[in-house]
Amino acid sequence: EGHAAAYIETANELRARLPVGKLLIGNALRATSKGGVGGDGNLKHLRYLDGSYLENWDKSDEGIVKTIKLMDTALKAGRIVMLTSTPFSGYGVDEKQYPQKQQDIVAKLKEIRRDETIGKKYEYMAQFIEFPLGLFLLSVGRHSYFSYHDKDDADPKLKAAFDCNQFEEITRKLGQPLGDCVEEGEFTFTRLFTHLKVWVNVKRKEGKLTVRPIRREDES
């Protein structure tokens with residue numbers, strides 16, 4: 001408790017020194033913080049932060065569900081949420097089932113970097129985007145941001161794929177949310193938007209983004 005109080009005191013001092021109009025964002029929210037999935041996920045740090053980015057959120061199925069709820073809570077409190085993800089997000093959860101899957105994806109990305117164009121890498125990565133993006137959309141709201149990449153590096157030799165505008169799943173029309181996400185069963189969630197239905201199964205690491213027909217009144 002003493003360490004936590006000293007940390008927050010230091011953070012508040014930093015906050016007070018920030019120029020007017022500057023934001024303070026930290027790597028705060030995480031389901032695996034002290035107390036584990038049953039803890040508060042470091043929500044207390046949003047007392048002095050304007051928001052948090054989230055990485056390594058896929059270490060357990062329960063942690064992934066907690067991450068959905070943490071993002072929703074933070075956004076409803078008016079904070080910024082930034083979820084970072086990769087083509088193998090979620091595949092590190094079950095050591096018996098997924099490590100080979102993760103290794104296969106990494107190996108393929110290296111092969112493309114060596115033999116193909118950056119465009120081919122984006123094409124390959126697109127097949128894995130619906131799970132992490134669907135997870136993000138379950139709680140998306142004002143001040144929420146999504147990142148999907150294999151690595152962040154501007155060196156052209158590495159052919160890093162980090163331009164989210166290259167993915168149709170991100171650039172197509174979403175529309176307004178028609179309510180909060182709904183838990184339809186164990187580890188299964190859905191959410192409706194004007195132009196999209198989101199379905200996510202955390203246990204199976206599956207996401208489906210189904211485009212809904214555009215009604216005439218929605219086109220205006």
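Predicted model: local features only at pLDDT ≥ 70, side-chain atom pairs only at ≥ 80, totals over all residues.
Residues are numbered from 1 along each chain as its sequence is written, and side-chain values use heavy atoms, with hydrogens and water left out.

The protein chain holds six helices and eight strands, where helices (H or I, at least four residues) and strands (E, at least two) are DSSP runs numbered from the N terminus. Along the sequence they follow the pattern α-β-β-α-β-α-α-α-β-α-β-β-β-β. Of the 220 residues, 41% count as buried, buried meaning under 20% relative accessible area, exposed over 50%, and partly exposed in between, with a 1.4 Å probe and protein chains only. Among contacts between residues at least 6 apart in sequence, 59% join residues at least 24 apart, a contact being heavy atoms within 4.5 Å.

I turn now to the parallel sheet. It is an open sheet of four strands in the order β1-β2-β3-β4, with parallel pairing; two strands are taken to pair if DSSP finds at least two bridges between them. Its edge strands, each pairing on one side only, are β1 (25-26) and β4 (144-148). Within this sheet, β2 (residues 51-54) and β3 (residues 80-85) are joined by four bridges, and tyrosine 53 stands opposite methionine 82 in β3. Helix α2 (residues 61-76) packs on the sheet, touching β2, β3 and β4, and its direction makes about 150° with that of β3; such angles run from 0 to 180 degrees between N-to-C directions, and axes are lines fitted to C-alpha atoms, for helices over the stretch in contact.

The other sheet is antiparallel. This open sheet of four strands has the order β5-β6-β7-β8, and the edge strands are β5 (182-185) and β8 (206-211). Its neighbouring strands are turned by 20° against each other on average, direction ignored. Strands β6 (residues 188-192) and β7 (residues 196-201) pair over five bridges, with threonine 190 opposite tryptophan 199 in β7.

Which helix packs on this sheet? Helix α5 (residues 130-137) does, touching β6, β7 and β8, with its direction at about 70° to that of β8. Seven of the eight residues of α5 are buried, among them Phe131, Leu135 and Phe136. In the loop between α5 and β4 lies serine 139, which is buried, with a relative accessible area of 5%. Leaving aside neighbours within four places in sequence, serine 139 is in contact with Ile68, Met71, Asp72, Leu75 and Arg191.

Finally, the helix pair. Helices α3 (residues 99-115) and α4 (residues 118-125) pack at an angle of about 160°, with their axes 9 Å apart, and are therefore roughly antiparallel to each other, given that angles under 35 degrees count as roughly parallel, over 145 as roughly antiparallel, 65 to 115 as roughly perpendicular and the rest as oblique. From α3, Asp104, Ile105, Lys108, Leu109, Ile112 and Arg113 meet Lys120, Lys121, Tyr124 and Met125 in α4. These contact residues divide into five nonpolar, no polar and five charged, where Ala, Val, Leu, Ile, Met, Phe, Trp, Tyr, Cys and Pro count as nonpolar, Asp, Glu, Lys and Arg as charged, and the others, Gly among them, as polar.
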